[in-house]
Amino acid sequence: MLFLHKFILMAVKHYIPNGITLLNLFCGCIAVLFAVDSNFAVAAFFVFLGVFFDFFDGFFARKLNVQSALGLQLDSLADMVTSGVVPGIVMFKLLELVTYSATDSVVDDWNSLYHFNSSFSSFIPFIGLFIPLASAYRLAKFNLDEEQKTYFKGLPTPANTLLIVSLPLIIEFQNSNLINGIILNLWFLIPLTLFSCFLLNAPVKLFALKFKDWNFRDNAVRYIFLILSVIMLITLHFAAIPLIIVLYVLLSVLSEQMTK
């Protein structure tokens, strides 16, 4: 009986991380549906939930010591949807909105954009779909790279996704004419799309938020990043998210230079 009990516990333990990964994929699928319908707030909620599951599947896999090649592949497949397809659709929709807008002025009622209809007479919105392509390439490289255990090479797809999905949230909930004018501009959205694609696959080492211990000296850059991120989120709300991604890259580059 004791043997059977241990066998069941071992079997269940192996399925926990993969189950959490599938929850990430499930959230990503739901986010796709809402993003296609231009309901960006709900889509963003499920993206945030998916990113949460994405963090904890690896956490539990390490804690339970059940890391596997299957889990690695499954994690990338889930990320491809939640952190690849969804931001591509969001950017497509933003570019579509700006391209087919009747006027060059910033739209006052963001909710009216949810029912915006347009033809596909321009190729410009399809630039947004470069993001899923760059994400797929980045995830494939990650699966083959044996070095990225304590750091990332290039911007992780969840970080890039948070950057992209934060844009419509800033417009909807913070409603600043200045910020809206910047975001709803082709000369901002297209370079941002191309730069995010580059950053996903850039040969730049970025620190991972993995704590081997709680020692401040060994994790100073992580603690500084988390503290500053919390302060910015409290003060700037959704507008803080792009700044947090920039801070993440800058701290990573600075930390790498200081260790040389």
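Aspartate 54 is located in helix H2. The model is a predicted one. The relative accessible area of aspartate 54 is 15%. This residue therefore counts as buried, the cut-off being under 20%. Beyond its neighbours within four places in sequence, aspartate 54 contacts Asn24, Asp75, Asp79 and Pro158.

Most residues other than glycine have a negative phi. Serine 38 has a phi near 65°, a positive value in a residue that is not glycine. Serine 38 sits in the loop that runs between helix H1 (2–36) and helix H2 (40–63). With a relative accessible area of 8%, serine 38 is buried. Histidine 237 also is not a glycine, and its phi is positive, at about 60°. The loop between helix H8 (220–236) and helix H9 (240–258) holds histidine 237. Its relative accessibility is 47%, so histidine 237 is classed as partly exposed.

The second largest pocket was then considered. Its volume is about 340 Å³. The lining of this pocket consists of 18 residues. Nearest the pocket centre lie Leu163, Phe188, Pro242, Leu243 and Val246. At least two lining residues come from each of helix H5 (157–174), helix H6 (177–183), helix H7 (186–200) and H9. H9 provides the largest share, six residues. By class, 17 residues of the lining are nonpolar and one is polar.

Methods:
Residues are numbered from 1 along each chain as its sequence is written. This is a predicted model: local features need pLDDT of at least 70, side-chain atom pairs count only at pLDDT 80 or more; totals for chains, interfaces and linings use all residues. Side-chain values use heavy atoms; hydrogens and water are left out. Helices (H or I, at least four residues) and strands (E, at least two) are DSSP runs, numbered from the N terminus. Buried means under 20% relative accessible area, exposed over 50%, partly exposed in between (1.4 Å probe, protein chains only). Contact means heavy atoms within 4.5 Å. On a 1 Å grid over the protein atoms alone, a cavity is a set of points where a 1.4 Å probe fits but cannot get out, and a pocket is an open set with protein on both sides within 12 Å along at least five of seven lines; lining residues have an atom within 4 Å of a point. Grid points are joined across faces, edges and corners, and a volume is the space filled by probe spheres set on the points. Ala, Val, Leu, Ile, Met, Phe, Trp, Tyr, Cys and Pro count as nonpolar, Asp, Glu, Lys and Arg as charged, and the others, Gly among them, as polar.
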